[in-house]
2 protein chains.
Amino acid sequence: MKINSMKDLLINELRDLYGAEKQILKALPKMIKAATNAQLRSGFEKHLKETENQVTRLEQAFEKLGVSAKKKTCEGIKGIAEECEELISADPEAEILDAGLIEAAQKVEHYEMAGYGSVRTWARQLNLREVADLLQQTLEEEKATDKKLTELAESMVNQMAAAHT
Amino acid sequence: MKINSMKDLLINELRDLYGAEKQILKALPKMIKAATNAQLRSGFEKHLKETENQVTRLEQAFEKLGVSAKKKTCEGIKGIAEECEELISADPEAEILDAGLIEAAQKVEHYEMAGYGSVRTWARQLNLREVADLLQQTLEEEKATDKKLTELAESMVNQMAAAHT
């Protein structure tokens, strides 16, 4: 893709995030299956539904921009997902696995926070208010999910896992 | 690597972050060369020096843990760096490139914020206070760098880039 304008940069990054969300839709069921802590599992299940909405919002953004909803492979999320699968394959004790799953999920959320923060800012600068609003909604969801994961990590999973050392 | 305890999980992730920092040491000079905005370039130069200190802190953490300072290829940072190189190769106008470089740098910072946040929490849970303190110092630097990048993006680079659309 040629990047000749800020709008091109925005579309290019939206395609990266669209790829990212689709990759997350594939990764989350494996994380749900692997998670043993009930709160963590239900958190992942809730985030799976949120991710479906986030995909829809990106499709709405593409429509408003008058371009097709194409996705790019998101190399950042691909790397994070690979490392998460590696952890699951190492088959550690349940609570250790849960701690590692939370970390992987937080890396995903942080990738998205950086990505959605930038595209939201670019859309605002381009006076694309409706697009910016859609992206802001998703950004807020990602931040809320990250905060919940931090609370869960601090309150429960890690304490249990430390008992096994 | 076998992951049989929280300490193993901590060491495994420290090796990922050690790989990440080394990969960032290779990527930053390319980003400095590509950046045109003087504030952005000097910000990257400052972060290069910080990254060298962060590598040293990880080496101190490995020493305190009594393990060798081995690195793993960090797949997440590898993906982000690849996308950044792709952007540089697309050779967009200077201000658009700067906006994209800021986004790539924020993805890197966010990856590290998630990673260092987790290992700091695990080290605390394991009562490894000195290790936790080292990781907390780096976490604070990464957060400060991300904040500066957001301010720069909002105040300067994006406004200029939008003028080109």
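Colleague: Let's start with A:Glu103: buried or exposed?

Modeller: A:Glu103 counts as buried, at 5% relative accessibility. Buried here means under 20% relative accessible area, exposed means over 50%, and partly exposed is in between, using a 1.4 Å probe and protein chains only.

Colleague: Okay, and what sort of model is this, and how do I read the names?

Modeller: This is a predicted model, where local features need pLDDT of at least 70 and side-chain atom pairs count only at pLDDT 80 or more, while totals for chains, interfaces and linings use all residues. Residues are numbered from 1 along each chain as its sequence is written, chains are lettered from A and ligands numbered from 1 in the order in which they are written, and side-chain values use heavy atoms, leaving out hydrogens and water.

Colleague: Back to A:Glu103, then. Which residue forms a salt bridge with A:Glu103?

Modeller: That's A:Lys107, with the closest N and O atoms 3.9 Å apart. A salt bridge is a side-chain nitrogen of Lys or Arg within 4 Å of a carboxyl oxygen of Asp or Glu. A:Lys107 is buried too, with a relative accessible area of 4%.

Colleague: Which residue of chain B does A:Lys107 form a salt bridge with?

Modeller: B:Glu13, and there the closest N and O atoms are 2.9 Å apart. A:Lys107 lies in helix α4 of chain A and B:Glu13 in helix α1 (residues 6-34) of chain B, so the pair joins two chains. Both A:Lys107 and B:Glu13 are buried. There's a network as well: salt bridges that share partners join B:Lys107, B:Glu103, A:Glu13 and A:Asp16.

Colleague: How many salt bridges does the structure hold over all chains?

Modeller: 20. One of them is between the side chains of A:Lys78 and A:Glu75, at 4.0 Å from N to O. Those two are 3 residues apart in helix α3 (residues 75-90) of chain A, about one turn. A:Lys78 is partly exposed at 37% relative accessible area, and A:Glu75 is partly exposed at 23%.

Colleague: New topic: what rotation superposes chain B on chain A?

Modeller: A rotation of 180°, with 0.0 Å of shift along its axis and an RMSD of 0.0 Å. The two copies are thus related as by a two-fold rotation axis. The same surface serves both: 100% of the contact residues of chain B recur in chain A. The superposition is by least squares on the C-alpha atoms of residues with pLDDT of at least 70 in both copies, and contact means heavy atoms within 4.5 Å.

Colleague: Give me a contact example. What does B:Ser118 touch?

Modeller: Leaving aside neighbours within four places in sequence, B:Ser118 is in contact with A:Glu103 and A:Gln106. B:Ser118 is found in helix α4 of chain B and counts as buried, at 6% relative accessibility.

Definitions and conventions. Helices (H or I, at least four residues) and strands (E, at least two) are DSSP runs, numbered from the N terminus.
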